[in-house]
Amino acid sequence: MTASGGWIWLGTSKARVLRTRDLIIWQSAQSPLASGNESSGVFSVAFRDQSTGSLSVGDYRKAEEAIGTAAITSDGGEHWSVPSKLPHGYRSAVAWDASDHAWITVGSNGSDISYDDGVTWQWLDSGNWNALSLPWAVGPNGQIGKLGTLPAHPAGVSR
């Protein structure tokens, strides 16, 4: 799985996701998220299994803007949809935390967590993070953070 960011594909201004099952034949799926300039698009793709995945998206020049910061799939990346509650701004990385059954996404104005496969996101912290390899996150100037105890699951969501 790979994705496009600032590139405009086939006359569209939407970010595209490329997927393959055999590394020979690639298919393109349009995400519902805007791109079209050098600072916006898809920055990270992660899957928890062959069907369920999440994109971290945004415009790093507009770190506080939440619109268009995530997309989710339940069909292996063929179709992507926008979550009902988005992360709190631009996000540069996303990962599945198998031990806590949660998605974590990080960016320059903080991180968010989702316990319902990315449908709703809640604020996690206000750190400045660039990349994520759980349980670690890294930021500018050598900053390193380790994921600690996560907030409680919202009512009705089980681990």
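## Terms and basis of the model

Helices (H or I, at least four residues) and strands (E, at least two) are DSSP runs, numbered from the N terminus, and Asp97 is found in one such run, strand 7 (residues 93-97). This is a predicted model, in which local features need pLDDT of at least 70 and side-chain atom pairs count only at pLDDT 80 or more, while totals for chains, interfaces and linings use all residues. Residues are numbered from 1 along each chain as its sequence is written, and side-chain values use heavy atoms, with hydrogens and water left out.

## Confidence

The predictor's confidence in each residue, called pLDDT, runs from 0 to 100; its mean over the chain is 84, and 84% of the residues reach 70 or more. Over residues 1-12, however, pLDDT stays under 50, and for this segment the model has 36 contacts (heavy atoms within 4.5 Å) beyond four places in sequence.

Strand 9 (residues 110-114) is mostly covered, since five of its five residues are buried, a term for a relative accessible area under 20%, with exposed meaning over 50% and partly exposed in between (1.4 Å probe, protein chains only). In a regular strand the side chains alternate between the two faces of the sheet. In strand 9 both faces are covered, with Gly110, Asp112 and Ser114 buried on one side and Ser111 and Ile113 buried on the other.

Two strands pair if DSSP finds at least two bridges between them. Strand 8 (residues 102-107) is joined to strand 9 by five bridges, and the two run antiparallel; a hairpin connects them through two residues, and Trp103 has Ser114 as its bridge partner in strand 9. Strand 9 is also joined to strand 10 (residues 122-125), by three bridges and again in an antiparallel manner, with Trp123 of strand 10 as the bridge partner of Asp112.

## Two buried residues in other strands

Thr73, which is found in strand 6 (residues 70-73), is buried, with a relative accessible area of 5%.

Leaving aside neighbours within four places in sequence, Asp97 is in contact with Ala102, Ile104, Leu134, Leu147 and Leu150.
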